[in-house]
Amino acid sequence: MNRFFKKVYQYINPTVNPDLAPAFDEWQKHIPTLWLLGKTGAGKSTIIQTLTGNSLVEIGNGFQPCTRTAHQYLYPVESPLVCFLDTRGLGEADYDPSEDIAMCSGKSHALMVVMKAEEPEQSGLLNALKQIKRSGVIKHLLVIHTAVNSIVDSQERQRAIEYNHQRVMDIWGIKPAQWQSKTATIYHPIVVDFIPDDEQFIGLNDLHHALTDALPMLSLLSNQQAHTNREEQNFYQLRQEVLWYAGAAGASDAIPAVGLFSVPAIQGKMLHSLANQYGVSWNKKDYAEFVGMLGSGFLLQYLSKLGLNQLVKFIPAYGQTVGSATAAAMSFSSTYAIGRAACMYLYHRSKGEPISKDQIKLAYQQAFTTVKNIADRQQVTQASKSGIEKDGQ
């Protein structure tokens, strides 16, 4: 057993710093991307400001050119978990979205069509949307109607919203019954408005629900949970960093034969980083204690699942789709759960306080279950949305 612990400990304290750049690059390629398509002044920047909580979001402040006609905004900047792609070329008569389509290809993404309710002239947007639809790349579509209160008459406002919405649905091949029904959960109009005098964003909850339905992983970005103690407050300050490592582990584990080596290395790098945040360092005794608190069967289960996931990915067809997605979800979830449990362990160790084995084990199990459910929802959503798209064509 001592040799076994020594072998695993080398993952946490490698003699040579592993080259994790390829794994992190892979995550960068697959960061959930929200593509905002709309005319200048439609309210795209305001939406990004509201979703990120960053009131300083403007072109030239955080946005970087990524194609000739679009800019991207990574959030958070240092350990990004989501990318906003903001189209800048819709005002041009010859806008060609092919570069932007190529950038979104292969990513978990949603297309957010942003339209001012009072503007019926949307030919540039609609022409671009036709090309995007033909590409088959985009699976998730949200239609956001902004500045709705600029139309005072309520009936006229509703007609304007339905007129713009219907034109988008026609292009996307969605029948009226699929979005007009009161029970419709997708493709329905999302109506938002920002009232500067009251600093109020109308429709924010509907927008959040629509986004997390399209991309369930985005629900992990929410930091609006009540903290019952100081330890939880400390963890939520580091939560985005843990999610970033979890994303990198999941992205790298989607590649056959890579995850067996990259996932433990990424998790080791995460544990080192978290220890630095708490002003402590790992040693063999501490690591053995931490792993022991996760449960007697944790290491054997962890290594056996990791190895089994790699074998499944080599099954023709199934391995490259379901197998890879399952492996990615498992590595994402286990990495996040290890990070959550480690933060609790390191917090109490940094304070010189006794550490409860039951609390550490419970923290791991709860974190794993929470993010695994979300990761599974992501897979189901991608599959179901793809099926809906095909039915609508």
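Two strands are taken as paired if DSSP finds at least two bridges between them, and strands themselves (E, at least two residues), like helices (H or I, at least four residues), are DSSP runs numbered from the N terminus. In S4, Asp86 is the bridge partner of Leu36. The structure is a predicted model, in which local features need pLDDT of at least 70 and side-chain atom pairs count only at pLDDT 80 or more, while totals for chains, interfaces and linings use all residues. Residues are numbered from 1 along each chain as its sequence is written, and side-chain values use heavy atoms, with hydrogens and water left out.

The strands include an open sheet of seven, in the order S2-S3-S4-S1-S5-S6-S7, with mixed pairing. Its edge strands are S2 (63-65) and S7 (190-191), each of which pairs on one side only. Strand S1 (residues 33-37) runs parallel to S5, to which five bridges join it. Leu34 stands opposite Ala110 in S5, and Leu37 stands opposite Val113 in S5. S1 is also joined to strand S4 (residues 82-87) by four bridges, again in the parallel sense. In this pairing Thr33 stands opposite Cys83 in S4.

Burial was assigned from relative accessible area (buried under 20%, exposed over 50%, partly exposed in between; 1.4 Å probe, protein chains only). Five of the five residues of S1 are buried, so S1 is largely enclosed by the rest of the structure. In a regular strand the side chains alternate between the two faces of the sheet. In S1, Thr33, Trp35 and Leu37 point one way and Leu34 and Leu36 the other way, and all are buried. For strand S5 (residues 109-116), seven of the eight residues are buried, so S5 is likewise largely enclosed by the rest of the structure.

S5 pairs with strand S6 (residues 141-146) in the parallel sense over six bridges. The bridge partner of Met115 in S6 is His145. From S5 the chain crosses through helix H5 (residues 123-135) to S6, and this β-α-β crossover is right-handed (with the strands pointing away from the viewer, the path from the first strand over the helix to the second runs clockwise). Helix H5 contains Asn127, which is partly exposed, with a relative accessible area of 43%. Asn127 and Pro97 are 30 residues apart in sequence, and their C-alpha atoms are 9.7 Å apart in space.

Aromatic contacts were assigned to rings of Phe, Tyr and Trp (its six-membered ring) with centres within 6.5 Å; planes under 30 degrees apart count as stacked, over 60 as edge-to-face and the rest as tilted. By this rule the count comes to nine aromatic pairs. Trp282 and Tyr345 form a stacked pair, at 5.7 Å centre to centre and with 5 degrees between the planes. Trp282 lies in the loop between helix H10 (259-277) and helix H11 (284-293), and Tyr345 in helix H13 (residues 319-350), so the pair ties together parts that are 63 residues apart in sequence. Trp282 counts as buried at 7% relative accessibility, and Tyr345 counts as buried at 0%. The ring centres of Phe290 and Tyr345 are 5.5 Å apart and the planes are at 55 degrees, so this pair is tilted. With Phe290 in helix H11 and Tyr345 in helix H13, 55 residues apart, the pair links distant parts of the chain. Ring pairs link Trp282, Tyr287, Phe290 and Tyr345 into a cluster.

In H11 the buried residues are Asp286, Tyr287, Phe290, Val291 and Met293. These residues cover an arc of only 160 degrees around the axis, which puts them on the same side of H11; the arc is that of the directions from the helix axis to the C-beta atoms. The N-terminal end of H11 is capped by Asn283, with a side-chain oxygen 3.1 Å from the backbone nitrogen of Lys285. After H11 comes Gly295, whose phi is positive, near 125 degrees.

Two charges sit over aromatic rings, as defined by NZ of Lys or CZ of Arg within 6 Å of the ring centre and within 35 degrees of the ring normal. The charged end of Lys133 is 5.1 Å from the centre of the Trp172 ring, over which it sits. Arg340 lies over the face of Phe235, at 4.3 Å from the ring centre.

Technical notes. A polar contact is a pair of N or O atoms within 3.5 Å; within protein, one must be able to donate a hydrogen and the other to accept it, and residues adjacent in sequence count only if both atoms are side-chain atoms.
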